[in-house]
Amino acid sequence: MTISAIQRTSVGRNGVGAFILQCKRLDFHYCDWAGSSKGMNLFLQLQLRQFAASHPSIEIHVSPRPSKHPVIRGHFINGAQHSICVRNLAKEQVLKKAEILRDMSGEKATRVKGGRVVGSLNEGIRGVWDPYHGAKAPSFAG
């Protein structure tokens, strides 16, 4: 009877393939006539195909919106929507705004208050430190 090694069924790749983009759809709204949509129109003609090909998990919708400023609207897995107005921006700046929406989580931005980054419902065992804890207070007797 010969002994054979067990073949590997999967290879760990440190999370590669497990990440899911939170942005599920991007809507590009533009106007054919207005000058404020010039950068958006150039982006749609020259760079949108490459952007869509590099992000196959994101659904892309392009629709005209006559007599309105151009807008990129992101739809997220959690049901949230965020819009960014891209009026009078160059095509490279429009790409940056699309990447911002692509990388967003869809959650509202929250402010960390009080300077304490980690919050807990339980107080620490040792309590809150202050300079009057510990050894005897120094005496200033001369």
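**View 1. Two salt bridges turn up in a search of the whole structure.** This is a predicted model, so treat each view as a computed picture. Side chains of opposite charge can pair when their charged atoms come close. The next two views visit these pairs one at a time.

**View 2. Asp27 and Arg25 are partners in a salt bridge.** Look for the closest N and O atoms of this pair, which lie 3.1 Å apart. Is Asp27 buried or exposed? Asp27 counts as buried because its relative accessible area is 7%, under the 20% limit. Arg25 has a relative accessibility of 25%, so Arg25 is classed as partly exposed.

**View 3. Asp103 and Arg102 form a salt bridge through their side chains.** Here the N to O distance is 2.8 Å. Asp103 is exposed, with 53% relative accessible area, whereas Arg102 is buried at 15%.

**View 4. Strand 1, residues 23–30, is largely enclosed by the rest of the structure.** Why can we say that strand 1 is largely enclosed? Six of its eight residues are buried, so the rest of the structure largely encloses this strand. Strand 1 runs antiparallel to strand 3 (residues 71–76), and six bridges join them. With strand 2 (residues 59–64), strand 1 pairs in the parallel sense, again over six bridges. You can follow individual partners too: Cys23 has Phe76 of strand 3 as its bridge partner, while Asp27 stands opposite His61 of strand 2.

**View 5. The largest nonpolar core holds 18 residues.** Which residues touch the most other members of this core? They are Leu26, Phe28, Met40 and Ile72. At least two core residues come from each of strand 1, helix 1 (38–46), helix 2 (48–54), strand 3 and helix 3 (91–103). Strand 1 gives the largest share, with four residues.

**View 6. Met40 has contacts with residues from several parts of the sequence.** Leaving out residues up to four places away in sequence, Met40 touches Phe28, His29 and Tyr30, as well as Pro70, Val71 and Ile72. Val86, Leu89 and Val94 are also touched by Met40.

Terms used
Residues numbered from 1 in each chain as written. Predicted model: local features only at pLDDT ≥ 70, side-chain atom pairs only at ≥ 80, totals over all residues. Heavy atoms only, no water. Salt bridge = Lys/Arg side-chain N within 4 Å of Asp/Glu carboxyl O. Buried < 20%, exposed > 50% of the residue type's maximum accessible area, 1.4 Å probe, protein only. Pairing = 2+ DSSP bridges. Core = buried A, V, L, I, M, F, W, Y, C linked by side-chain atoms within 4.5 Å. Contact = heavy atoms within 4.5 Å.
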